[in-house]
Structure formats: C-alpha cells, structure tokens
Amino acid sequence: MGITARLWNTTDGTLIKTFRHEGWVNSCAFSFDDKLIVTACDDKTVRIWDTQSGQLKRTLAGHQDSVRSSCFSADGNRVISASDDRTARIWDAQ
C-alpha cells in the first residue's frame with residue numbers, strides 16, 4: 001500500500017506510469033480492455049485512470065470511510081467499490 005499506484009512493464013521491470021493519491025492506495029484493478037485502471041483509496045475515493053496517458057478520468061466520491069477495494073464490471077460500464085463504512089457501491093464508469 002502507498003500514496004501512489006504504479007504501472008510497471010513486466011518484461012523489463014521499468015516504471016511506465018505513476019498515479020498519485022491523497023491517501024493510501026488499498027487496491028487497483030485493470031478494465032478488461034486494459035485501457036483503464038481503477039484505484040481504491042483511504043481518502044474515501046475511487047479513481048479511474050487512463051493507462052496510456054496516466055490522466056485521471058474520474059473521481060468517485062461518496063463513501064464515508066476508507067475504500068478497501070474496487071473493480072470494473074465485465075462490460076466495463078460500471079465500477080463496484082467496498083468501504084470501511086460498511087457499504088458497497090456501484091458506479092457508472094463513464
């Protein structure tokens with residue numbers, strides 16, 4: 001865990017992108033087409049990132065406590081997140 005999520009080249013071990021956060025990053029997951037990454041953070045947010053540019057696409061706010069996990073739906077249109085506030089949320093990924 002840390003305040004960044006990092007994307008590495010698995011062939012040669014070089015750093016490709018760094019995704020910065022305000023708090024600890026608890027989990028991350030790729031979309032099924034590998035174009036996006038979703039991260040779950042202690043700052044109570046879920047963030048969607050573009051893997052090519054490294055740009056933040058969306059910040060999903062609404063949890064009342066740290067977000068522990070997140071992932072994309074199989075069709076990539078939704079994100080589900082689970083938080084220490086004892087809720088799970090389904091978000092529009094677009």
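How many bridges pair S6 with strand S7, and in which sense? Strand S6 and strand S7 (residues 78–83) pair over five bridges in the antiparallel sense. Strands here are DSSP runs (E, at least two residues) numbered from the N terminus, and two strands pair if DSSP finds at least two bridges between them.

Before going on, a word about the model: it is predicted, so local features need pLDDT of at least 70 and side-chain atom pairs count only at pLDDT 80 or more, while totals for chains, interfaces and linings use all residues. Residues are numbered from 1 along each chain as its sequence is written, and side-chain values use heavy atoms, leaving out hydrogens and water.

S6 and S7 belong to an open sheet of three strands in the order S6-S7-S8, with antiparallel pairing. Its edge strands, each pairing on one side only, are S6 (67–72) and S8 (88–92). On average, neighbouring strands of this sheet are turned by 20° against each other, direction ignored (axes are lines fitted to C-alpha atoms, and angles run from 0 to 180 degrees between N-to-C directions).

The largest nonpolar core has twelve residues, among them Val-67, Phe-72 and Val-79. Such a core is a set of buried Ala, Val, Leu, Ile, Met, Phe, Trp, Tyr and Cys residues joined through side-chain atoms within 4.5 Å, where buried means under 20% relative accessible area, exposed over 50%, and partly exposed in between (1.4 Å probe, protein chains only). Strand S3 (36–41), strand S4 (45–50) and S6 each give two or more residues to this core, and the largest share, three residues, comes from S3. A second, separate core of six residues includes Phe-19 and Ile-37.

Phe-19 in strand S2 and Trp-49 in strand S4 are 30 residues apart, and both are buried.

Finally, visit Ser-31, in the loop between S2 (15–30) and S3. Ser-31 counts as buried because its relative accessibility is 5%. Beyond its neighbours within four places in sequence, Ser-31 is in contact (heavy atoms within 4.5 Å) with Leu-36 and Phe-72.

Conventions
Helix = DSSP H or I, 4+ residues; strand = E, 2+ residues; numbered from the N terminus.
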